[in-house]
Amino acid sequence: MAYVEGFLIPVPAEKKDTYFKMARDAWPIFRDLGVTRQVECWGDDLMKGEHTDFYRAVAAEENENVVFSWMEYPDKQTRDKANQGMMEDERFKELGEMPFDGKRMIFSGFTTEFDSADQPG
């Protein structure tokens, strides 16, 4: 099954279009590095929790929304190699400055344990 890397990213509302343009422009680079699927989602129905929530997870400020994103890889080895490549690939510099505060972005890797797409019916 696929290896997944998930992201929560605080993005200023006024930089929404810039963020998604950058994500689209980065796709060919990610694909070259081994990513098989990239999904970018803009927060639409984010609930404020009593103890924690998506906003607090990334210390989102008043004018910010949360992007939920993930990338799929064939396996963890490909993901690890891709992450190294992302640090070294000069093409990322051409995309310009990130339209969010990267210090508050959360990301981690996950093994896929169940995928309904693999189930019959």
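Reader: What makes a residue a contact of Met-105, and which residues qualify beyond its neighbours within four places in sequence?

Author: Phe-7, Leu-8, Ile-9, Pro-10 and Phe-100 are in contact with Met-105, once those neighbours are left aside. Contact means heavy atoms within 4.5 Å. The model is predicted, so local features need pLDDT of at least 70 and side-chain atom pairs 80 or more, while totals for chains, interfaces and linings use all residues. Numbering starts from 1 along each chain as its sequence is written, and side-chain values use heavy atoms, without hydrogens or water.

Reader: Why is Met-105 called partly exposed?

Author: Its relative accessible area is 22%. Buried means under 20%, exposed means over 50%, and partly exposed is in between (1.4 Å probe, protein chains only). Met-105 is therefore partly exposed. Met-105 sits in the loop between H3 and strand E4 (106–111). Helices (H or I, at least four residues) and strands (E, at least two) are DSSP runs, numbered from the N terminus.

Reader: Ala-59 and Met-105: how far apart are they, in sequence and in space?

Author: They are 46 residues apart in sequence and 9.3 Å apart in space, C-alpha to C-alpha. Ala-59 is found in the loop between helix H2 (54–57) and E3. It has a positive phi of about 50°, although it is not a glycine.

Reader: Glu-5 is in strand E1. Why is Glu-5 called buried?

Author: The relative accessible area of Glu-5 is 2%. The value is under the buried cut-off, so the label holds. Not counting residues up to four places away in sequence, Glu-5 touches Ser-69, Trp-70, Met-71, Tyr-73, Arg-79, Asn-83, Phe-107, Ser-108 and Gly-109.

Reader: What makes a region a pocket, and what volume does the largest one have?

Author: The work is done on a 1 Å grid over the protein atoms alone. A pocket is an open set of points with protein on both sides within 12 Å along at least five of seven lines. Lining residues have an atom within 4 Å of a point. The largest pocket has a volume of about 690 Å³. Of the 23 lining residues, Phe-30, Met-86, Phe-92, Met-98 and Met-105 are the closest to its centre. Helix H1 gives the largest share of the lining, five residues.

Reader: How does the lining of the largest pocket split by class?

Author: There are 16 nonpolar, five polar and two charged residues. Ala, Val, Leu, Ile, Met, Phe, Trp, Tyr, Cys and Pro count as nonpolar, Asp, Glu, Lys and Arg as charged, and the others, Gly among them, as polar.

Reader: What makes a set of residues a nonpolar core, and how many residues does the largest one have?

Author: A nonpolar core is a set of buried Ala, Val, Leu, Ile, Met, Phe, Trp, Tyr and Cys residues, joined through side-chain atoms within 4.5 Å. The largest has 19 residues. Those with the most contacts inside it are Ile-9, Tyr-19, Phe-30, Met-71, Tyr-73, Met-86 and Phe-92. Two or more residues come from each of E1, H1, E3 and H3. H1 gives the most, six. In soluble globular proteins, nonpolar side chains tend to be buried together.

Reader: Which residues does Phe-30 contact, leaving aside its neighbours within four places in sequence?

Author: Phe-30 is in contact with Val-35, Gln-38, Met-71, Met-86 and Phe-92.

Reader: What pattern does the protein chain follow along the sequence?

Author: The order is β-α-β-α-β-α-β. That is three helices and four strands. Buried residues make up 36% of the 121 residues.

Definitions and conventions
1 Å grid on protein atoms, 1.4 Å probe; cavity = no way out; pocket = protein on both sides within 12 Å on 5 of 7 lines; lining within 4 Å. Points joined across faces, edges and corners; volume = space filled by probe spheres on them.
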